[in-house]
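Good morning, everyone, and thank you for making time for this short talk.

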Amino acid sequence: MRKYTPKDNVQGKAYYTDRFWVAPSVPRSDVSEDAHFAALLEKIKESVAVKESYIQIGQMVVHIHPKDNIAVLRLVKEQCDYAMCTEISAVDYLAQDGEFEIFYQMLNLKKAKRIRIVTRIKEGQAIESAVPLFNSANFAEREMYDMFGIVANNHPFMKRILMPDDWEGHPLRKTYPLQGDEAASWYEVDKIFGKENREAIGPENRDPARIDRYDTKRFSRVGYEVPFGADISAGEQKTEIAYSDTLLANYNKSSKQLDERR
Amino acid sequence: MMQQPNKLVPFFENLNFERDDNTMVVNFGPQHPSAHGQLRLMLELEGEKVIKAYPDIGYLHRGIEKMAENMTYNEFLPTTDRLDYIASTANNYAYALAVEKLLGIEAPRRAQAIRTMLLELNRIISHLFFIATHALDVGAMSVFLYAFREREFAMDLMEDYCGARLTHSSVRIGGVPLDLPEGWLAQMMAFLEKMEYELEHTYEALLTENRIWKMRLEDVGVIDAEDALSWGCTGPILRGAGVQYDVRKEEPYELYGELDFDVPVSDRNDAYGRYMLHVEEMRQSARIIRQVMPIYRKSEPQLMAHAPQYISAPKEEIMTQNYALMQHFVLVTQGMRPPKGEVYVPTESPKGELGFYIKSEGEPYAYRLKCRAPSFYHTGILQKVLVGTYLADVVTMISSSNIVFGEVDR
C-alpha cells in the first residue's frame, strides 16, 4: 500500500520526529511589565474586545476580532502615534483550524515601539481593507490576496500582484506544493503554444533537480557515453574508461615514476 | 493602430495605447535599462505629463517565502543573498538576527564586531552602486565608472573575507563563520581613506554643484513626510522626507548602541536631498567602521555563540570530541528546532527597514517566513509620486527610490 501523505499540508516535513519531543515556547511576558504597552492596551480595550495580549520578544501582540481591525488600526494611528503600518500578511492555519491568521505590524516612530495586531478569519471570509488608513496596505493586501486568496473589502485595486493575473491557486497556502500544481505545469505551455498542443509539448518540468535517466540530449553518464540523442531505453554499452599514461602518475607505486617524468 | 495579439505577445487587457484625445499609454519596461531590473510601469500620459502610473511587478518572483517553508533554517540562509543582491550581507544578517532572537541567543562580541563592519561595508557598496546608477540614469556616464571602481575595491574586501563578491552568505545564525583574514583591517583602512577622498574630490565634485545634476534632481520625485509614513517608506526616503528615523539608532542591534554616529536627515523631500543623504551616510559608515576596529582587536576570539542545542560547536571540537560530533550530525541532518513562537525583527538595510517575520511551530522548517522588503513599498509609492511629473523625470524618480527587484518580487 502506498504511504499516506496528508494533502492539507504538503510543505517540507522533518523526516525524523521523536514522539516524546515537546517543543518549548518562546517566553511571553505580561503586558503590565511595560508601561507604554499597558497604557496602549487599556485604550484598545476601551473600544474593542481583546481576545489575548502579551509581550513576546520586545513587541506587544494583540489578538482581536476580524470585524474590529479598522477600529483598532484607526485608534492606534490617530491616538497613539503608530503612524506606520510596516507589514501586513497572513499565516495559513487551514489544516489545523480552517482559519487564516492575519497580522498588522505597526510602528510608533516617536517612542520606537512596535506592536502586532493579530486577527483570525475563516476561509472564504473577507477582511476590511486598511488602505483608507495606510497606503502601504495597498501593495501588502494585494500580495496577501495573491499568496493566500484573502480578499480585502473596499480595496481600490484588488488584483494579483506577483503572480500573473490568470494564475490558478494561491502559492503560499500549505496545500500548494513547492514545485507548483498541475495548472502551473501547463501555464506556459498553454500561453506560448496553445492548449491544443499540450500533447505534443508535454507538461513543463518544474523540478529543477529532475534528471531523466533516458534523456541523452541533456545528460550523459561517465563510462556509458552514447551519441547525442541516441535511444537508450533498451540499455547502453559500457565504455571502458581509458586514462592517459603520460599525464597520470600512479601514486601507489614508488616515487621513482615521478622522478622519471621529471 | 489595432494591436495584433498573438500567443507570445498577448493582448494588453483593456488598454488602448493611442487614443483620440491627447492621452497616450506608455509601457515602460519590463525590459528597460533604467527600470533597475524587471519593473513594468504603465504610464498614462497627457502630452508629456504623467496622469496615471501603475507599477506592475512580479517578473522576478521566485517564491523565496515558499522556499523558506521547505528548508531548514541554516539551509535557507544562502537564499537570502538573492533578495537584495546589491548588499547581500544585510539580508543574511537580518535573517540570522531574526532566528537568533527566536532562539534567544546572542552572537559573541568578535562576531558582532565583524558583522557590524561587514554591514557598513555593504552599505558603502550599495550606496556607491546607487550613486553610480543614479548618475547613469540621469545621464552622467563618468560618475558611474568612477563609483564602480571604488565599489570593486570594496567587493575585493568582501571577497577576501568570504570568497564571494555578490552572494556573500557571510553571516551565520549565531555568529560568523570565519575570523578576518590577515591584513584585512589595514586594507579596510586604506579603502576607507581612498573612498572618502574620492567621495569628496570625484563624486561630490562632479555632481553636487553640477548645474545639470541640480536641474535634473531638484524638486523631482517629491515625497513629503505624510506620504512617506502612509506608504510605508523607510530608510533614505523616509529620512529624505525629514523624519529622522534609523533603526540602528532608535532600536539598536549589534554594536550600534555603543557607537557614535549621526543619522543624516534632509527636509528637501526631493531626489537631490536623497542623493545628499546617501553621500553623508557613506561618510557615517566609514566613521562606524573606524570605531569598530579597536573593539574587534580587543575582543575574545570566539566566533559562534555557544548553544549546543541549536548551533554546531567549532570545527576543532567536532573533530576531537565525540559529543560535539553527534550534535553536529543531528544539526546538519535534521536542522535546528527553534522554540514555538513568532518574531519580527527590523534592521536598517541600505535600502530601508528590512525585517523578517518568522513563525515557528517547533519544527526544523519555518511555519511561515515573511520578508518585509523596503523596496516593495518604495515601488508602491511610485503610483503616487509619478502622477503630475513629466516623462523625463520618471527615470530620475525610479533610480532615486533605489529599488532592487530581487527584494521587491522575492
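Predicted model: local features only at pLDDT ≥ 70, side-chain atom pairs only at ≥ 80, totals over all residues.

Residues are numbered from 1 along each chain as its sequence is written, and chains are lettered from A and ligands numbered from 1 in the order in which they are written.

Let me start with chain B, which has 17 helices and six strands, where helices (H or I, at least four residues) and strands (E, at least two) are DSSP runs numbered from the N terminus. Buried residues make up 52% of chain B, a residue being buried if 20 or more other C-beta atoms, placed from the backbone, lie within 10 Å of its own.

Chain A, by comparison, has seven helices and eight strands. A compact globule of its 262 residues would have a radius of gyration near 18 Å, but chain A has 29 Å, and 27% of its residues count as buried.

How many residues does each chain bring to the contact between them? Chain B gives 44 residues and chain A gives 37, with two residues in contact if their C-beta atoms, placed from the backbone, lie within 7 Å. On the side of chain B that touches chain A, there are 16 nonpolar, 11 polar and 17 charged residues; here Ala, Val, Leu, Ile, Met, Phe, Trp, Tyr, Cys and Pro count as nonpolar, Asp, Glu, Lys and Arg as charged, and the others, Gly among them, as polar.

Finally, within chain B, the axes of helix 3 and helix 4 (residues 109-138) come within 8 Å and cross at roughly 140°, with axes being lines fitted to C-alpha atoms over the stretch in contact and angles running from 0 to 180 degrees between N-to-C directions. Helix 3 of chain B contributes B:Thr89, B:Ala90 and B:Tyr93 to this contact, and helix 4 of chain B contributes B:Arg115, B:Leu118, B:Leu119 and B:Asn122.

Methods. Buried ≥ 20, exposed ≤ 12 C-beta atoms within 10 Å, placed from the backbone. Rg over C-alpha atoms; globule rule 2.2 N^0.38 Å.
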